[in-house]
Amino acid sequence: MRRKVMILPLLMLGLTMIFAGCSENNGVDGNSNFDNEGLSFARADADTAVTEFIDDSQDVSDWVVWDERPMGMGDSVVFDTTDYWHIYIREYINGRIEHSVADSFRYADTEGNYQYWRDENTNQFERRLKREFHRDAWPETPGTSWDKSRSRNMLWVGLAEDVTTLNGDVHRYYHGQNSFREFTREFEGEFLEVKFNTEDLFNGRPTHPFEGTLAGSTWVDYEGQIREYHIEAEITVTFYPDHFHVIFRSGDNYFEWDHYYEP
(Lines give C-alpha, C1' and ligand atoms only; values in the text may rest on other atoms or scores of the structure.)
Protein backbone atom coordinates (compact mmCIF):
# COMPACT_ATOMS: atom_id res chain seq x y z
CA MET A 1 0.00 0.00 0.00
CA ARG A 2 1.27 3.48 -0.78
CA ARG A 3 1.83 5.56 2.32
CA LYS A 4 1.48 8.90 0.56
CA VAL A 5 -1.08 9.57 -2.17
CA MET A 6 -0.18 12.34 -4.61
CA ILE A 7 -3.15 12.90 -6.90
CA LEU A 8 -1.86 16.00 -8.70
CA PRO A 9 0.91 14.16 -10.63
CA LEU A 10 -1.62 11.47 -11.51
CA LEU A 11 -3.99 13.93 -13.16
CA MET A 12 -1.40 16.18 -14.72
CA LEU A 13 0.95 13.53 -16.13
CA GLY A 14 -1.57 10.83 -16.93
CA LEU A 15 -4.11 13.00 -18.70
CA THR A 16 -1.50 15.08 -20.49
CA MET A 17 -0.09 11.94 -22.11
CA ILE A 18 -3.56 10.84 -23.18
CA PHE A 19 -4.73 14.10 -24.69
CA ALA A 20 -1.53 15.57 -26.04
CA GLY A 21 -0.60 12.26 -27.64
CA CYS A 22 -3.91 11.85 -29.41
CA SER A 23 -3.22 14.89 -31.57
CA GLU A 24 0.03 13.50 -32.95
CA ASN A 25 -0.04 11.70 -36.28
CA ASN A 26 2.85 9.24 -36.36
CA GLY A 27 2.21 6.91 -39.27
CA VAL A 28 -0.85 7.08 -41.51
CA ASP A 29 -2.60 3.91 -42.64
CA GLY A 30 -6.18 3.91 -43.85
CA ASN A 31 -8.69 4.03 -46.71
CA SER A 32 -9.62 7.64 -46.51
CA ASN A 33 -10.89 10.42 -48.70
CA PHE A 34 -9.27 13.27 -46.86
CA ASP A 35 -9.17 15.41 -49.97
CA ASN A 36 -12.58 16.37 -48.65
CA GLU A 37 -11.95 19.72 -46.94
CA GLY A 38 -14.80 19.33 -44.47
CA LEU A 39 -13.66 15.91 -43.31
CA SER A 40 -10.08 17.09 -42.87
CA PHE A 41 -11.30 20.04 -40.85
CA ALA A 42 -13.47 17.80 -38.68
CA ARG A 43 -10.56 15.52 -37.82
CA ALA A 44 -8.36 18.48 -36.83
CA ASP A 45 -11.24 19.99 -34.91
CA ALA A 46 -11.83 16.76 -33.00
CA ASP A 47 -8.15 16.62 -32.01
CA THR A 48 -8.38 20.20 -30.76
CA ALA A 49 -11.49 19.49 -28.72
CA VAL A 50 -9.83 16.54 -26.99
CA THR A 51 -6.60 18.40 -26.32
CA GLU A 52 -8.39 21.32 -24.70
CA PHE A 53 -9.59 19.06 -21.89
CA ILE A 54 -6.06 19.40 -20.49
CA ASP A 55 -7.09 22.84 -19.20
CA ASP A 56 -9.78 21.29 -17.03
CA SER A 57 -7.30 18.81 -15.56
CA GLN A 58 -4.96 21.61 -14.55
CA ASP A 59 -7.65 23.13 -12.35
CA VAL A 60 -7.19 20.27 -9.91
CA SER A 61 -4.02 21.95 -8.64
CA ASP A 62 -6.31 24.43 -6.85
CA TRP A 63 -7.69 21.65 -4.68
CA VAL A 64 -5.23 18.77 -4.33
CA VAL A 65 -1.79 19.53 -2.89
CA TRP A 66 0.83 17.37 -1.25
CA ASP A 67 -0.26 17.95 2.32
CA GLU A 68 -3.13 16.45 4.29
CA ARG A 69 -5.96 18.71 3.12
CA PRO A 70 -7.26 20.33 -0.07
CA MET A 71 -6.12 23.87 -0.72
CA GLY A 72 -8.67 26.63 -0.15
CA MET A 73 -10.62 24.87 2.59
CA GLY A 74 -13.05 27.21 4.28
CA ASP A 75 -12.99 30.24 2.01
CA SER A 76 -13.50 28.92 -1.52
CA VAL A 77 -14.61 25.31 -1.03
CA VAL A 78 -17.80 24.15 0.67
CA PHE A 79 -17.87 20.66 2.16
CA ASP A 80 -21.02 18.54 1.86
CA THR A 81 -21.13 16.51 5.07
CA THR A 82 -23.77 14.14 3.63
CA ASP A 83 -22.06 12.99 0.41
CA TYR A 84 -18.50 14.16 1.20
CA TRP A 85 -18.14 16.41 -1.83
CA HIS A 86 -15.80 19.38 -1.72
CA ILE A 87 -17.68 21.93 -3.85
CA TYR A 88 -16.40 25.07 -5.53
CA ILE A 89 -18.58 27.48 -7.55
CA ARG A 90 -17.43 30.63 -9.33
CA GLU A 91 -19.33 33.06 -11.53
CA TYR A 92 -17.92 36.02 -13.42
CA ILE A 93 -19.92 38.61 -15.38
CA ASN A 94 -18.29 41.65 -16.96
CA GLY A 95 -19.91 43.59 -19.75
CA ARG A 96 -20.51 41.12 -22.57
CA ILE A 97 -18.69 38.17 -20.96
CA GLU A 98 -20.21 35.54 -18.68
CA HIS A 99 -18.15 32.70 -17.20
CA SER A 100 -19.18 30.14 -14.60
CA VAL A 101 -17.48 27.09 -13.09
CA ALA A 102 -18.95 24.34 -10.88
CA ASP A 103 -16.21 22.04 -9.60
CA SER A 104 -16.41 19.26 -7.02
CA PHE A 105 -14.35 16.29 -5.84
CA ARG A 106 -14.28 13.67 -3.09
CA TYR A 107 -12.10 10.88 -1.69
CA ALA A 108 -12.80 7.29 -0.65
CA ASP A 109 -10.63 4.75 1.17
CA THR A 110 -9.85 1.12 0.31
CA GLU A 111 -13.21 0.01 1.72
CA GLY A 112 -15.17 2.51 -0.36
CA ASN A 113 -15.86 4.78 2.63
CA TYR A 114 -15.82 8.48 1.81
CA GLN A 115 -13.23 10.64 3.57
CA TYR A 116 -13.08 14.26 4.60
CA TRP A 117 -9.26 14.29 4.42
CA ARG A 118 -6.94 12.46 2.08
CA ASP A 119 -4.58 10.00 3.84
CA GLU A 120 -2.53 6.82 3.25
CA ASN A 121 -5.72 4.75 2.86
CA THR A 122 -7.15 6.92 0.07
CA ASN A 123 -7.89 4.68 -2.91
CA GLN A 124 -10.39 6.70 -4.96
CA PHE A 125 -10.52 10.22 -6.32
CA GLU A 126 -13.75 11.38 -7.98
CA ARG A 127 -14.21 14.71 -9.73
CA ARG A 128 -17.04 16.51 -11.50
CA LEU A 129 -16.49 19.72 -13.44
CA LYS A 130 -18.74 21.95 -15.52
CA ARG A 131 -17.76 25.17 -17.30
CA GLU A 132 -19.91 27.68 -19.18
CA PHE A 133 -18.66 30.66 -21.19
CA HIS A 134 -20.56 33.25 -23.24
CA ARG A 135 -19.25 36.28 -25.11
CA ASP A 136 -21.52 38.79 -26.82
CA ALA A 137 -20.45 40.89 -29.78
CA TRP A 138 -18.29 43.92 -28.94
CA PRO A 139 -18.55 47.27 -30.79
CA GLU A 140 -15.12 46.72 -32.37
CA THR A 141 -16.05 43.17 -33.45
CA PRO A 142 -19.65 43.40 -34.69
CA GLY A 143 -21.41 40.10 -35.22
CA THR A 144 -18.77 38.10 -33.32
CA SER A 145 -19.98 35.94 -30.43
CA TRP A 146 -19.04 32.69 -28.65
CA ASP A 147 -20.72 30.03 -26.57
CA LYS A 148 -18.65 27.29 -24.93
CA SER A 149 -19.39 24.58 -22.41
CA ARG A 150 -17.36 21.67 -21.01
CA SER A 151 -18.09 18.95 -18.51
CA ARG A 152 -16.03 16.11 -17.02
CA ASN A 153 -16.97 13.27 -14.70
CA MET A 154 -13.93 11.22 -13.66
CA LEU A 155 -13.33 8.39 -11.20
CA TRP A 156 -9.82 7.12 -10.40
CA VAL A 157 -9.72 3.85 -8.43
CA GLY A 158 -6.62 2.01 -7.20
CA LEU A 159 -4.41 4.77 -5.79
CA ALA A 160 -3.47 2.49 -2.87
CA GLU A 161 -2.97 -0.53 -5.14
CA ASP A 162 -0.59 -1.57 -7.93
CA VAL A 163 -2.93 -0.58 -10.79
CA THR A 164 -5.11 2.54 -11.01
CA THR A 165 -8.15 2.50 -13.31
CA LEU A 166 -9.85 5.55 -14.82
CA ASN A 167 -13.50 5.63 -15.93
CA GLY A 168 -15.51 8.69 -16.85
CA ASP A 169 -17.01 10.87 -19.54
CA VAL A 170 -16.28 14.20 -21.18
CA HIS A 171 -18.42 16.60 -23.20
CA ARG A 172 -17.57 19.77 -25.09
CA TYR A 173 -19.76 22.20 -27.04
CA TYR A 174 -18.51 25.20 -29.00
CA HIS A 175 -20.46 27.68 -31.12
CA GLY A 176 -19.00 30.77 -32.72
CA GLN A 177 -19.77 33.27 -35.43
CA ASN A 178 -18.48 36.42 -37.07
CA SER A 179 -19.19 38.28 -40.30
CA PHE A 180 -17.42 35.61 -42.39
CA ARG A 181 -18.58 32.29 -40.92
CA GLU A 182 -20.62 30.45 -38.32
CA PHE A 183 -19.74 27.06 -36.91
CA THR A 184 -20.82 24.63 -34.21
CA ARG A 185 -18.84 21.67 -32.96
CA GLU A 186 -19.54 19.15 -30.25
CA PHE A 187 -17.49 16.31 -28.80
CA GLU A 188 -18.53 13.53 -26.40
CA GLY A 189 -16.21 10.82 -25.14
CA GLU A 190 -16.02 8.07 -22.53
CA PHE A 191 -13.03 6.53 -20.78
CA LEU A 192 -13.51 2.78 -20.42
CA GLU A 193 -11.27 0.89 -17.96
CA VAL A 194 -8.16 2.92 -18.76
CA LYS A 195 -5.39 1.42 -16.62
CA PHE A 196 -2.13 2.84 -15.29
CA ASN A 197 0.63 1.31 -13.19
CA THR A 198 0.14 3.27 -9.98
CA GLU A 199 3.85 3.49 -9.26
CA ASP A 200 4.38 5.15 -12.63
CA LEU A 201 1.94 7.90 -11.73
CA PHE A 202 4.03 9.18 -8.82
CA ASN A 203 7.63 8.83 -9.97
CA GLY A 204 7.81 12.30 -11.54
CA ARG A 205 8.29 11.08 -15.11
CA PRO A 206 5.81 11.13 -18.03
CA THR A 207 3.49 8.15 -17.83
CA HIS A 208 0.87 6.50 -20.00
CA PRO A 209 -1.97 3.98 -19.75
CA PHE A 210 -1.31 0.41 -20.82
CA GLU A 211 -4.89 -0.79 -21.37
CA GLY A 212 -8.41 0.51 -22.03
CA THR A 213 -10.11 2.80 -24.51
CA LEU A 214 -11.36 6.33 -25.08
CA ALA A 215 -14.45 6.22 -27.32
CA GLY A 216 -16.02 9.41 -28.59
CA SER A 217 -17.97 11.17 -31.30
CA THR A 218 -17.70 14.60 -32.88
CA TRP A 219 -20.28 16.70 -34.72
CA VAL A 220 -19.32 19.72 -36.85
CA ASP A 221 -21.45 22.27 -38.73
CA TYR A 222 -19.72 25.00 -40.75
CA GLU A 223 -21.19 27.74 -42.91
CA GLY A 224 -18.94 30.28 -44.62
CA GLN A 225 -19.22 32.74 -47.45
CA ILE A 226 -18.22 30.26 -50.15
CA ARG A 227 -18.77 26.80 -48.61
CA GLU A 228 -20.66 24.89 -45.97
CA TYR A 229 -20.56 21.33 -44.64
CA HIS A 230 -21.79 19.01 -41.91
CA ILE A 231 -19.63 16.19 -40.51
CA GLU A 232 -20.32 13.48 -37.95
CA ALA A 233 -17.48 11.17 -36.95
CA GLU A 234 -16.55 8.48 -34.42
CA ILE A 235 -13.19 8.41 -32.64
CA THR A 236 -11.70 5.42 -30.80
CA VAL A 237 -8.37 5.42 -28.96
CA THR A 238 -7.12 2.02 -27.77
CA PHE A 239 -4.23 1.93 -25.29
CA TYR A 240 -1.45 -0.67 -25.26
CA PRO A 241 1.72 -1.03 -23.17
CA ASP A 242 3.97 0.68 -25.74
CA HIS A 243 1.55 2.75 -27.86
CA PHE A 244 -2.02 3.72 -28.56
CA HIS A 245 -4.03 3.27 -31.76
CA VAL A 246 -6.47 5.90 -33.06
CA ILE A 247 -9.33 5.40 -35.51
CA PHE A 248 -11.27 8.38 -36.89
CA ARG A 249 -14.29 7.32 -38.95
CA SER A 250 -16.91 9.35 -40.80
CA GLY A 251 -19.31 7.42 -43.02
CA ASP A 252 -17.26 5.38 -45.50
CA ASN A 253 -14.15 7.46 -44.80
CA TYR A 254 -11.67 6.63 -42.06
CA PHE A 255 -8.23 7.57 -40.92
CA GLU A 256 -6.09 5.67 -38.40
CA TRP A 257 -2.63 5.85 -36.91
CA ASP A 258 -0.40 4.59 -34.08
CA HIS A 259 1.46 6.70 -31.56
CA TYR A 260 4.38 4.93 -29.84
CA TYR A 261 5.50 6.12 -26.44
CA GLU A 262 9.01 7.44 -26.08
CA PRO A 263 11.38 5.34 -23.91
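Biologist: Why is Glu132 called partly exposed?

Modeller: Its relative accessible area is 33%, and the class runs between buried, under 20%, and exposed, over 50% (1.4 Å probe, protein chains only), so Glu132 counts as partly exposed. Bear in mind that this is a predicted model, where local features need pLDDT of at least 70, side-chain atom pairs count only at pLDDT 80 or more, and totals for chains, interfaces and linings use all residues. Residues are numbered from 1 along each chain as its sequence is written, and side-chain values use heavy atoms, leaving out hydrogens and water.

Biologist: What makes Glu132 and Lys130 a salt bridge?

Modeller: The term needs a side-chain nitrogen of Lys or Arg within 4 Å of a carboxyl oxygen of Asp or Glu. The closest N and O atoms of Glu132 and Lys130 are 3.3 Å apart, so the pair qualifies. Elsewhere, salt bridges that share partners join Arg106, Glu126 and Arg128 into one network.

Biologist: Why is Glu126 called buried?

Modeller: Glu126 has 15% relative accessibility, so it counts as buried. Its salt-bridge partner Arg128 has 40%, and therefore counts as partly exposed.

Biologist: Why is His243 called buried?

Modeller: Because its relative accessible area is 12%, His243 counts as buried.
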